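Me: I'd like to learn how to read strands and cores in a model like this one. Could you walk me through it?

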Amino acid sequence: MIFIVVKFKVKPDWSERWLGLVDAFTQATRAEPGNLWFDWSRSVDDPNEFVLVEAFKDDAAGDHVNSTHFKQAMADMPQALAETPRIISRQLDGDGWDRMGELTI
């Protein structure tokens, strides 16, 4: 799978509106064939930083970045961003979350 984490630093006046701005993009991406997850979180240390954790089946990431909704999101997001997002993108073995071995319930 392709595993991606992106940190988005938004302008303070956009921090309460960010999830609304990216909602259509989020919903469309989650509906893509090959999307495994597309989950937003907000930093507990910085209220202006949002973290996106996403994953795709190996052959689906290309379709994602070439989609209309991806291109629209790339056009919509800059108005709200304070800086260029930071990303980690890696190909990993597997197709989902594993259970934590050090803590089992």
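Reply: Happy to! Keep in mind that this is a predicted model. Let's begin with pairing: β1 and β3 run antiparallel and are joined by 8 bridges. Within that pairing, Val5 has Val53 of β3 as its bridge partner.

Me: How many bridges join β2 to β3?

Reply: There are 7, and these two strands also run antiparallel. Here Asp39 has Val53 in β3 as its bridge partner. A hairpin through 6 residues links β2 to β3.

Me: How should I read the two faces of a strand?

Reply: In a regular strand, side chains alternate between the two faces of the sheet. In β3, Glu49, Val51, Val53 and Ala55 lie on one side, while Phe50, Leu52, Glu54 and Phe56 lie on the other, and all of them are buried. Since 8 of the 8 residues of β3 are buried, the strand is largely enclosed by the rest of the structure.

Me: And what about nonpolar cores?

Reply: In soluble globular proteins, nonpolar side chains tend to be buried together. The largest nonpolar core here has 21 residues, and Phe8, Trp18, Trp40 and Met77 touch the most other members. Two or more residues each come from β1, β2, β3 and α4, with β1 giving the largest share, 4 residues. A second, separate core of 5 residues includes Met1, Trp37, Val53 and Ala55.

Me: Is Asp59 buried or exposed?

Reply: Asp59 counts as exposed because its relative accessibility is 66%, above the 50% cut-off. You'll find Asp59 in the loop between β3 and α3.

How values were computed
Residues are numbered from 1 along each chain as its sequence is written. This is a predicted model: local features need pLDDT of at least 70, side-chain atom pairs count only at pLDDT 80 or more; totals for chains, interfaces and linings use all residues. Side-chain values use heavy atoms; hydrogens and water are left out. A nonpolar core is a set of buried Ala, Val, Leu, Ile, Met, Phe, Trp, Tyr and Cys residues joined through side-chain atoms within 4.5 Å. Buried means under 20% relative accessible area, exposed over 50%, partly exposed in between (1.4 Å probe, protein chains only). Two strands pair if DSSP finds at least two bridges between them.
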